[in-house]
Amino acid sequence: MNEITLNCADAPNAPITNFLATLQPFSTGTDQGMGGHNEEDLPFEITLDRYTRDPWSVLKPPNDPNEKIWKSCWFKSIDNKKKLPGFLQFLSQRGKAAFGKFESPHPDEVTGNINKAVFLVPFQQPPAPVGGDGHGHGADGAGAGSK
C-alpha cells in the first residue's frame, strides 16, 4: 500500500466525513518496544471518528506481557493541503488522541478471519524519524499506531 486517505468525522458512524490528508508511510518502527507495522494490513481509507483521553491511547510499551503491543508507523502528508499539522495541534492542545476502527483488507493467513483494528493518532507525537529524503517530517507527518 502506498497511500491512505485519512478522513475525520464529528461522531462515530457520522454520515458526513471531512478529508484530512492523503498519507504515505515512510517509516515503520520498533521504537520503544512497539512492533513494526505491515502497511498492507491498512485499508485505503480510514475515518477518525472518536476522540479519547483514556490511558490506553498512549503509544508506549505495555506493562503486562499479555497485553497487545501497538504497531507503529510514521506517515507523511502528500496532498499539499496542509491540514494535518493543524489537526495534530488541535489534538495536542486538548490532550486527546483521535482514532478510528477498521477491518484489515487481508484475512488472517491461519484462521481466515478478518482482523479488526484501531488506527490511532496520539496527541503526544514522538519525535519524527528521518525520512528517506534525509529530512524529518514533523511539520507534514504524523505518527500513528494500530492494535
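Student: What makes the approach of the side chain of Arg-53 to the backbone oxygen of Arg-94 a polar contact?

Tutor: The side chain of Arg-53 reaches that backbone oxygen at 2.8 Å, and a polar contact is a pair of N or O atoms within 3.5 Å, where within protein one atom must be able to donate a hydrogen and the other to accept it, and residues adjacent in sequence count only if both atoms are side-chain atoms. This is a predicted model, in which local features need pLDDT of at least 70 and side-chain atom pairs count only at pLDDT 80 or more, while totals for chains, interfaces and linings use all residues. Residues are numbered from 1 along each chain as its sequence is written, and side-chain values use heavy atoms, with hydrogens and water left out.

Student: Why is Arg-53 called exposed?

Tutor: Its relative accessible area is 55%, and exposed means over 50%, buried under 20% and partly exposed in between, with a 1.4 Å probe and protein chains only; Arg-53 is therefore exposed. Arg-53 also touches Arg-94, Gly-95 and Lys-96, leaving out residues up to four places away in sequence, where contact means heavy atoms within 4.5 Å. Arg-53 and Gly-95 are 42 residues apart in sequence, yet 6.6 Å apart in space, C-alpha to C-alpha.

Student: Which residues of helix α1 are buried, and why can they be placed on the same side?

Tutor: In α1, which spans residues 84-94, the buried ones are Leu-84, Phe-87, Leu-88 and Leu-91. They cover an arc of only 100° around the axis, so they lie on the same side of α1, the arc being that of the directions from the helix axis to the C-beta atoms. In general, an α-helix has 3.6 residues a turn, so residues three or four places apart point the same way. Helices are DSSP runs of H or I with at least four residues, and strands are runs of E with at least two, numbered from the N terminus. The chain has one helix and nine strands.

Student: What makes the pair Asp-49 and Arg-50 a salt bridge?

Tutor: Their closest N and O atoms are 2.9 Å apart, and a salt bridge needs a side-chain nitrogen of Lys or Arg within 4 Å of a carboxyl oxygen of Asp or Glu, so the pair formed by Asp-49 and Arg-50 qualifies. Asp-49 is buried because its relative accessible area is 9%, whereas Arg-50, at 21%, is partly exposed. A search of the whole structure finds one salt bridge.

Student: How do you know that Asp-79 has no salt bridge?

Tutor: The nearest side chain of opposite charge, Lys-81, is 6.5 Å from Asp-79, which is buried; Lys and Arg count as positive and Asp and Glu as negative, while His and the chain ends are not counted. The side chain of Asp-79 does have a polar contact of 3.4 Å with that of Ser-77, and a polar atom of the Asp-79 side chain lies 2.7 Å from the backbone nitrogen of Lys-81.

Student: What is the phi of Lys-82, and is this residue buried or exposed?

Tutor: Lys-82, in the loop between β6 and α1, has a positive phi near 60° although it is not glycine, and its relative accessibility of 58% makes it exposed. Most residues other than glycine have a negative phi.
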